Amino acid sequence: MGNETNKEIVNIRSNLQKVLEAGNFSVSAEIGPPMSGDAQNVIDKARHLVGIVDAANVTDNQTAIVRMSSIAASYLSLQNGVDPVVQMTCRDRNRIAIQSDLLGAYALGLRNVLILSGDHQSFGNHKQSKNVFDIDSVQALHGLTKLMKENIFMSGSPLKAPIEFFLGTTANPFADPEELQIIRLEKKIRAGARFIQTQAIYNLDRFKSWMEHVRERGLHKEAYLLAGIVVNRSVRSIEATAGVPGMDVPLSLIERMRATKGKEEAEAEGVAIALDLIKELKEVEGVAGIHIMAIGWEAIVPTIVEKAGFLPRPKV
Amino acid sequence: MIIAAQKSMDEILRSVKPFEKIAVAGCGTCVTVCMAGGEKEALKVADLILLDARAFGRKVEVNVTSPVRQCDMEFLDDVEDELADVDCILSLGCGAGVQFMAEKFPDKVVVPGINTSFIGVNRDLGYWTEMCQGCGNCILEKTGGICPVSRCSKSHFNGPCGGSHTGKCEINDETECAWQLIYERLKRIGQLDRLYEINEARDWSTSRDGGPRRLVRGDVKV
């Protein structure tokens, strides 16, 4: 690699960060890496999102099912015009691996990192595996912030050339007890999270009450809160979502899906529900962006973004 | 104390099948209390080994012995003569007991009869739960006396993950969320501010991660 290329990589900045810092309402989506080494799968998913979203999360062995690595798939996404958010869980890596993998991610030009605990492996298809949890997500954020700001590894050894990431994490407005969850969110932000993606929101009343607590503590001013939306395409899909621990799907929305006849009507209603939620969410004080999770239905994202009036995306 | 569960009789019978002179060794401490490997269990296992051998027309001799505990050499010395003639010792002690038995009788086959499960407590008849992982660096003063290392499925140090719901852990509804318990307890004892402290990455070298551990205390050496 010549000096030119190296300089180019060092100069890459997070598009998501630029969009948010310029005061825009951000729009992001997800790219789920395949359960294979098929690069074309990632490339196709990324190409659908070019010019549609500001960034896309690239999941890290979501639900503890082995998939293409988040960093590799993120690189494919970056090469194909979509700013990736590398997801990094504490389940599979100790502090040595987390720091090492992120140095590699930086060298490849990846700039957004979303730190997660990681779904317990008992959810996935390798239930017999050993987990790591050397550090938790607050400790990872804290350690990585120190690495970026003070050029010091978690061991205390110096980092020789500076790195910079736009660090984020998640929050679940529907997990309880609320007070404890807010304390944890505050800790994550103090530990260095600059953006927060929320769990999928269906119950607007509960989300709004959670946001009141967030605003009371001024947390919306210290990190960008990106509201999560899941798009369902069938009755089965919304019912399955409702059954996931930590999800709160009001019966009225499930009933809206149940009232539809046939695939087309159900899909149209799924989109309509997502648009209704987005419309309200973008008006909530302190919400800085929308994060769309169209699990298994990635192709619908451009339609939603367009219908929600989010196009064109800002060029920053 | 150490909680253990007896292995299946199928597994035990397979382990002792090649031998004619067998000793079943119970242990008088933890595994007696949790009813996995005390004298009573040793007698029962010995009977089943005899019955099985008889059913298949094999000849075996089975002794039962129950040292006070298998993790102290002086108590193993007490049973040395009793076990002098056996080919195989089926130890119903925890993993430490089985290994110490093997050290004491280096020329004999020693096989385990129980699975050592965890360090825990007895909550009800026949019901035990894990409370400690022996990580070597206790922080219970920070967490209201509830251990996040052993009782949080992800050993979190800074609050619950997003999978905690109605006080239960995401892995199943029988597992209580340790951080919910910590929160309630800290609230009750007026120490909720502890939850705001960022507990930085911890030093695991006092745990198994530092390699097999040993403890040397000069003050108790003779």
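Two strands count as paired if DSSP finds at least two bridges between them. The model is predicted. In chain B, strand β6, residues 114-124, is joined to β7(B) by 5 bridges, and the two run antiparallel. Within β7(B), E130(B) is the residue that stands opposite G120(B).

**Sheet of chain B**

Strands β1, β6 and β7 of chain B make an open sheet of 3 strands, in the order β1-β6-β7, with antiparallel pairing. Because β1 (2-6) and β7 (127-132) of chain B each have a single partner strand, they stand at the edges, and one side of each is left without a neighbour in the sheet. On average, neighbouring strands here are turned by 70° against each other, direction ignored.

**Barrel of chain A**

In chain A, 8 strands close into a barrel with parallel pairing, and their order is β1-β2-β3-β4-β5-β6-β7-β8. From one strand to the next the twist averages 30°. One of the pairings joins β2 (residues 55-58) and β3 (residues 84-89) of chain A, in the parallel sense and over 3 bridges. There, A56(A) stands opposite P84(A) of β3(A).

Helix α3 of chain A, residues 39-49, packs on the sheet and touches β1 (26-31) and β2 of chain A; the direction of α3 makes about 160° with that of β1(A). Helix α4 of chain A, residues 70-79, lies across β1, β2 and β3 of chain A and runs at about 175° to β3(A).

**Backbone of chain A**

| Residues joined | Omega |
|---|---|
| D176(A) and P177(A) | about -10° |
| L311(A) and P312(A) | about -5° |

P177(A) belongs to the loop between β5 (166-171) and α7 (178-190) of chain A. P312(A) is found in the segment after α12 (301-307) of chain A. N151(A), a residue other than glycine, has a positive phi near 55°. This residue, N151(A), lies in the loop between α6 (137-150) and β5 of chain A.

**Interface**

Chain A gives 32 residues to the contact and chain B gives 29 residues. The two chains bury about 2700 Å² between them, with 54% of that on carbon and sulfur atoms. Of the area that chain A buries against chain B, 20% comes from Q139(A), L180(A) and K187(A), more than from any other three residues.

**Cavities and pocket**

The structure has 3 cavities of 30 Å³ or more. The largest cavity has a volume of about 120 Å³. Its lining takes in 16 residues, and C152(B), S153(B), C161(B), C169(B) and C177(B) lie nearest the centre. In chain B, β8 (168-169), β9 (172-176) and α7 (178-188) are the elements that give two or more residues to this lining. By class, the lining of the largest cavity consists of 7 nonpolar, 4 polar and 5 charged residues.

The second largest pocket holds about 1100 Å³ of space. It is lined by 36 residues, of which Q133(B), V149(B), S150(B), C152(B) and S155(B) are the closest to its centre. Each of β6, β7, α6 (148-151), β9 and α7 of chain B supplies at least two residues of that lining. The lining of the second largest pocket divides into 11 nonpolar, 11 polar and 14 charged residues.

Definitions and conventions: Residues numbered from 1 in each chain as written. Chains lettered and ligands numbered in written order. Predicted model: local features only at pLDDT ≥ 70, side-chain atom pairs only at ≥ 80, totals over all residues. Heavy atoms only, no water. Helix = DSSP H or I, 4+ residues; strand = E, 2+ residues; numbered from the N terminus. Axes fitted to C-alpha atoms, helices over the stretch in contact; angles between N-to-C directions. 1 Å grid on protein atoms, 1.4 Å probe; cavity = no way out; pocket = protein on both sides within 12 Å on 5 of 7 lines; lining within 4 Å. Points joined across faces, edges and corners; volume = space filled by probe spheres on them. Nonpolar A, V, L, I, M, F, W, Y, C, P; charged D, E, K, R; others polar. Contact = heavy atoms within 4.5 Å. Buried area = accessible area lost by both parts, 1.4 Å probe.
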